[in-house]
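Let's take a walk through this structure together. Have the sequence and the coordinates open, and we will go from helices to a metal site and on to a loop.

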Amino acid sequence: MKVKVVTRILEANERLAEENRRKFRESGVFVMNLMGAPGAGKTSLLEKTIEGMKNRKRIGVIEGDIAGTDDAERINSTGVPVVQINTGGACHLDANMISEVLPDVPLGELDLLIVENVGNLVCPAEFKVGEDMKAMVLSISEGHDKPLKYPLMFQESSALVVNKIDLLPYVNVDIDKLKRDAVSLNPALKIFEVSCRTGQGLEKWIEWLNGLN
Ligand code: MG
Ligand code: ZN
């Protein structure tokens with residue numbers, strides 16, 4: 001019985017996501033759903049991505065957080081349009097939340113809309129919001145066991161950005177195992193090793209993302 005209820009919620013979400021996607025297509029906006037645990041560096045990656053791409057692409061951001069506007073304020077100071085969603089407790093964004101804020105997003109003036117999901121390795125991967133692609137950020141300090149423990153997010157993502165790679169010498173993490181397990185779950189996964197602090201690897205990520213839309 002429980003399974004049935006969950007299925008129905010996901011089906012309803014899928015329909016709304018499809019409506020969002022239609023609006024994005026009509027406006028010619030490419031949408032990336034950016035996921036990852038709290039502290040992985042989603043907002044830092046966004047800041048660096050905007051910095052590296054804003055002369056080539058018109059970017060907008062939707063920030064999802066349980067509470068607060070800290071991340072939206074950080075994005076706002078990069079000069080791109082940003083809308084904050086506070087989920088009021090919900091641990092992921094869904095298509096309905098995105099649909100509700102779309103009137104505040106200047107779709108006609110954008111090439112790329114990035115949706116920063118709520119920090120969480122689990123359910124954001126289950127709920128489509130109308131995106132063209134999902135990407136995830138994983139801090140190297142989170143450990144090499146994450147792909148096999150949280151497989152869905154690795155399976156759903158087109159790209160895995162391993163952040164804080166400058167910390168690799170200081171943590172007991174087997175990055176080869178991490179990459180091997182991630183690719184075993186998702187052979188098409190693109191993996192980028194970056195440090196938002198030092199700038200290492202960011203150019204490759206930005207070039208790849210820039211070439212998608
Ligand atoms: Mg953030
Ligand atoms: Zn959730």
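Helices here (H or I, at least four residues) and strands (E, at least two) are DSSP runs, numbered from the N terminus. This is a predicted model, in which local features need pLDDT of at least 70 and side-chain atom pairs count only at pLDDT 80 or more, while totals for chains, interfaces and linings use all residues. Residues are numbered from 1 along each chain as its sequence is written, chains are lettered from A and ligands numbered from 1 in the order in which they are written, and side-chain values use heavy atoms, with hydrogens and water left out.

Let's begin with helix α2, residues 42-53. Which residues of α2 are buried? They are Lys42, Thr43, Leu45, Leu46, Thr49, Ile50 and Met53, where buried means under 20% relative accessible area, exposed over 50%, and partly exposed in between (1.4 Å probe, protein chains only). Viewed down the axis of α2, these buried residues fall within an arc of 155°, so they line one face of the helix; the arc is that of the directions from the helix axis to the C-beta atoms.

Now turn to α7, residues 175-185, where Ile175, Leu178, Asp181 and Ala182 are buried. Their arc down the axis of α7 is within 130°, so these residues too line one face of the helix. On the other side of α7, Arg180 and Ser184 are exposed. The buried residues pack against β5, α5 (146-149), α6 (151-156), β6 (159-163) and β7 (190-193), with contact meaning heavy atoms within 4.5 Å.

Next comes the metal site. The zinc ion (ligand 2) is coordinated by Cys91 (SG), His92 (ND1) and Cys123 (SG), at 2.0 to 2.2 Å. Donors are N, O and S atoms within 2.8 Å of the metal (3.2 Å for Na, K and Ca); water is not among the atoms, so sites may look incomplete. Cysteine 91 sits in the loop between β3 and α4 (95-101), and cysteine 123 in the loop between β4 (112-116) and β5 (133-139), so the pair links parts of the chain 32 residues apart. Cysteine 91 is partly exposed at 32% relative accessible area, whereas cysteine 123, at 12%, counts as buried.

Finally, look at serine 77, in the loop between α3 (70-76) and β3 (82-86). Serine 77 is exposed, with a relative accessible area of 64%.
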